[in-house]
Each structure stands twice: as C-alpha cells, then as structure tokens.
Amino acid sequence: MTQTEEQTLSTGDTPHVPIEKIVSLCKRRGFVYPNSEIYGGVSGIYDFGPLGVELRNNIRRFWWWSMVQTNDNVVGIEGSIITHPRVWEASGHVENFVDRLVDCKNCKRRFRVDHLPEENVKQNKCPVCGGELTEPRKFNLMMETYIGVVEGERMKTYLRGEACQNIYLDYDNVLKSSRVQIPFGICQIGKAFRNEVTPGNFLFRQREFEQWDLQFFVHPSEMQQWFDYWKERRFEWYKSIINHKDRLRFRPHGPDELAHYAKQAFDVEYQTVLGWQEWEGIHWRQDWDLSRHSEYSGQDLSYTDPETKERYIPWIVETSGGVDRTFLNLLIDAYEEEPPSGKDKEGRTVLHLNPILAPVKVAVLPLQKNKEELVTTAKELHHKLRRLMVSQYDEVSNIGRRYRRQDEIGTPFCVTIDFTTLEDQTVTVRERDSMSQIRLPINEVPAYLLERVRWDYSV
Ligand code: GAP
C-alpha cells in the first residue's frame with residue numbers, strides 16, 4: 001500500500017478519497033484482509049472476509065449469467081490450477097512471460113522497465129532519486145511447484161499463469177461432448193498465479209488473483225466481426241455495473257506492448273487516482289493457442305466444418321478480465337463520504353453499489369430491542385427474506401446508527417419494524433442512495449425487494 005497511501009481516488013464531480021479509506025473500510029467491515037497477517041503478511045496476497053466473499057460471489061455469478069447462461073453459443077468449464085508442464089512451453093510462458101527489471105544503484109529501489117517513464121529509460125536514471133540504474137534483468141513470472149513425493153522423481157510444473165490455458169486444453173473435449181459448433185465460446189472463472197515483482201496498489205496487482213475468460217472460436221474470415229462484437233459487449237457490461245460511466249474507456253495496445261500471443265489488443269480501462277488502469281483485455285489471439293498445442297501435444301486440434309467439410313485451426317477472440325480488479329474498481333466507484341445534510345445530520349459513508357451486486361440486500365431492524373413484539377415480527381420477516389436473498393437482522397444501537405452501518409457496506413434496503421407495524425402490519429422501507437422511506441404492507445416486502453435486487457440487464 002505504500003505507493004498509494006498518499007494518493008487520492010476519483011475524478012470528476014466526486015470528492016477525492018484517499019485509497020487508504022477503501023483499504024481500511026475493507027478490513028474494518030470484513031471485505032478484505034491481508035493474508036497471513038498474524039505472521040506479518042505476504043505481499044500481493046489477500047483473503048476475503050464475510051462481506052467480501054458475498055460481493056465476490058455476486059460479481060462472479062453476474063458475469064457467469066451474462067456470459068454463459070444467456071448465450072446459447074457459449075458454455076462453461078472449470079479447469080485445474082496445476083497442469084502438465086508442457087502446457088506452459090507450448091503457451092510460450094516459459095520463454096516469454098518475463099518482466100524486465102532494473103535497480104537503482106543509489107537508493108536500491110527496483111522498477112519494472114515497462115513501468116518507468118520513457119525519459120528515465122533513455123537516460124538510465126532513477127525516477128525517485130536520479131541515481132544510475134542497473135542493466136535490465138529478466139524475471140519469469142511463473143510460479144513453480146512439484147508433483148510427486150519421491151525426491152528425484154518429482155516433476156516440476158507451474159501454477160497456471162493465466163487461467164485461459166485450460167480452455168484450449170479442454171477445447172476438443174467440449175467440442176466432442178457438447179454439440180457446439182463454430183462460432184462458439186468457452187468461459188471459465190479461476191485463479192491465476194504470477195510472481196509479480198512489483199505487487200501493489202491493494203488488489204490491483206496481486207500474486208494470486210482470479211480471472212474470467214471467454215475464448216470465442218471462429219472461422220478466420222469472421223474474426224474481425226466477432227472481435228468487434230465482443231469488444232462492444234464487454235464494454236457495455238462494465239458500463240452497466242458502475243456509476244461513473246465517464247471513467248471507462250478503451251485503449252488500443254501499441255505494437256511494443258502486445259503480449260506474445262496477441263496480434264491486436266484493446267484494454268477496457270477504468271480511471272482512478274492511479275490514472276487509467278487496465279480492467280479487462282480483449283485480445284485477437286488468432287490461431288496461436290490451438291496451433292501451438294497441436295504442435296506440442298501431437299494432437300490435431302483443427303476443426304472440420306460439418307457442412308462445407310473445410311478443415312482449419314479456429315481463430316480465437318479472448319476477453320480476459322480480473323475478478324479482483326472488478327471488486328476493487330466497484331468499491332472505488334461506489335465509495336462516497338456524504339457531508340451532514342437535512343436528511344442525515346451526522347453525514348455518512350455510503351457504498352453506492354449496484355443492488356444486484358451488493359453483499360447484503362436488506363437489513364431488518366426492530367425499532368427497539370426491548371419490545372418483544374417488535375423483535376418477534378422483525379425476526380419472522382428476516383427468516384422469510386433470508387431464504388430469498390442475503391438479509392441481516394440488526395437490533396444493536398439506535399436506528400440512525402444502524403442505517404449508517406448498512407450504508408457503509410452498500411445495503412440497498414433497510415426495513416424497520418415499528419409500533420405502527422403492530423397496529424396495521426405495515427413497515428418502513430428505506431432506500432440507501434436517496435434515503436427516502438415508504439410504507440408497505442409487510443407481506444409485500446419480499447416481492448418488492450426481489451424486483452429490485454435481481455438481474456435485469458440485457459447485456
Ligand atoms: N489470458 C490473457 C491474460 O491473462 P492479462 O492482461 O495478463 O491477460 C487479464 O490478464 C486480466 O487479469 C487483467 O485485465 C486484469 O484484470 C487481471 N490481472 C492480470 N494480472 C493481475 C494481477 N497481478 N493482479 C490482479 N489482477 C490481474
């Protein structure tokens with residue numbers, strides 16, 4: 001966190017927020033914890049707490065729903081983290097998945113060459129102290145592991161450096177077992193591991209992280225049209241889950257920054273205080289992957305068109321994004337500190353998370369905890385709601401405090417059971433962003449909430 005502690009988030013009309021506030025909220029309210037903290041932590045590795053895991057699951061489920069379940073020509077798989085080591089030779093990662101690093105001879109700081117300003121590279125000068133930099137050295141990012149127990153017979157392999165490789169490994173099995181025909185896609189969500197030399201900026205650059213991939217297999221003559229199609233769809237998807245639409249853009253990769261497998265690439269970028277940062281890559285992988293795996297495995301992975309009988313290696317459009325970057329960007333996008341106002345005299349911190357992604361959908365609050373009838377009615381409603389969505393029951397402290405606790409974790413609705421409820425069976429439903437309140441018959445609450453927290457996007 002040291003690189004960014006001083007920095008502030010956000011642009012445009014929203015007040016700038018120090019990133020440490022996001023980190024602190026995440027820890028305080030149980031979204032994210034540093035991994036192995038009692039042993040001093042491990043740089044670039046994090047754990048997700050009770051609210052974090054709910055948010056992550058919602059993010060994953062929404063992606064899966066919109067990419068797999070609502071597209072007839074896309075199916076899903078879940079591959080293993082450890083594969084045969086030859087996979088990573090074929091993929092080019094053993095040879096090419098490297099960062100070039102330099103050290104400052106004076107202040108001993110270490111930098112990735114591709115992260116240095118051009119001027120400093122040209123002048124071989126440290127951007128912090130102006131000292132002389134060492135010659136660049138190459139570091140491979142793949143994390144090694146070993147299969148087997150007998151010393152000398154153990155096989156060295158790697159934790160996957162990009163999750164998508166499983167999709168190429170399973171491509172032929174999917175083709176034979178699920179009646180898909182080109183053009184079609186395979187999706188996967190899964191962990192990837194990189195020995196990042198400069199992990200940092202909280203969840204932005206980690207050593208263990210999660211990716212979501214679509215690999216869409218096409219006839220070479222249709223590559224451009226499908227590339228454009230998915231590029232547009234993915235942009236719209238990200239736009240649909242954020243509040244600050246102006247912080248999203250595309251950036252084409254220059255020829256010197258293309259990955260070894262990509263012939264063309266665009267990044268979907270989100271703007272934070274760190275500048276415009278990659279959120280997802282849309283890559284024109286062409287026939288690189290299936291050709292290489294055919295060559296290295298000796299298995300022919302070409303496709304025969306069932307009608308024309310034409311035989312060819314399919315080309316691939318890849319859309320590859322990060323669950324963790326989505327998690328972080330959504331928190332950045334949603335965070336707001338509202339000053340005291342007529343509606344809330346103390347001011348509040350609020351997460352304006354999209355209700356379909358919010359970790360808790362509703363909080364049920366009895367006005368007073370020492371009035372048995374209020375408590376019983378509130379618990380009954382909570383028990384009914386928790387079968388439909390994540391509901392929290394909270395009776396601790398005054399109602400204003402309880403509202404603020406829920407605002408801070410992004411809960412879109414609070415339902416209060418008060419003395420009028422006992423007379424006419426109505427409750428107060430308070431909405432997070434506007435803080436407006438309406439009264440509803442208690443038996444209408446489940447349908448009212450469901451309507452507002454379920455998926456309703458067409459992207
Ligand atoms: N299969 C293509 C691929 O892996 P990438 O651009 O290296 O492409 C795709 O990674 C996405 O994975 C990125 O856009 C980003 O969201 C996420 N990602 C990559 N490295 C990451 C890291 N060290 N920590 C967190 N997320 C990362």
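## A patch on the surface

In this report, a patch is made of residues with over 30% relative accessible area and no salt bridge, where like charges are joined within 9 Å and nonpolar side chains (Val, Leu, Ile, Met, Phe, Trp, Tyr) within 5 Å. A salt bridge is a side-chain nitrogen of Lys or Arg within 4 Å of a carboxyl oxygen of Asp or Glu. Accessible areas come from the Shrake-Rupley method with a 1.4 Å probe, and for residues only the protein chains shown count as cover.

The model is predicted, so local features need pLDDT of at least 70 and side-chain atom pairs count only at pLDDT 80 or more, while totals for chains, interfaces and linings use all residues. Residues are numbered from 1 along each chain as its sequence is written, and side-chain values use heavy atoms, with hydrogens and water left out.

Now for the patch itself: I81, I82, I147 and M155 form a nonpolar one on the surface, with about 280 Å² of accessible area together. I81 sits in the loop between strand 5 (74-76) and helix 3 (86-90). Helices (H or I, at least four residues) and strands (E, at least two) are DSSP runs, numbered from the N terminus.

## Around the ligand

How many residues surround the ligand? There are 22, and the closest are E162, R194, Q206, E278 and E318. The shell divides into six nonpolar, seven polar and nine charged residues. Here Ala, Val, Leu, Ile, Met, Phe, Trp, Tyr, Cys and Pro count as nonpolar, Asp, Glu, Lys and Arg as charged, and the others, Gly among them, as polar.

Look next at single atoms. A ligand nitrogen is 2.8 Å from an N or O atom in the side chain of E318, and a ligand oxygen is 3.0 Å from a polar backbone atom of G322. The protein covers 94% of the 550 Å² of accessible area that the ligand has on its own.

Most residues other than glycine have a negative phi, and most peptide bonds are trans. The bond from I182 to P183, however, is cis, with omega near 5 degrees.

N201, in the loop between strand 11 and strand 12, has a positive phi near 55 degrees.

Conventions: A residue is near a molecule or strand if one of its heavy atoms lies within 4 Å of it. A polar contact is a pair of N or O atoms within 3.5 Å; within protein, one must be able to donate a hydrogen and the other to accept it, and residues adjacent in sequence count only if both atoms are side-chain atoms.
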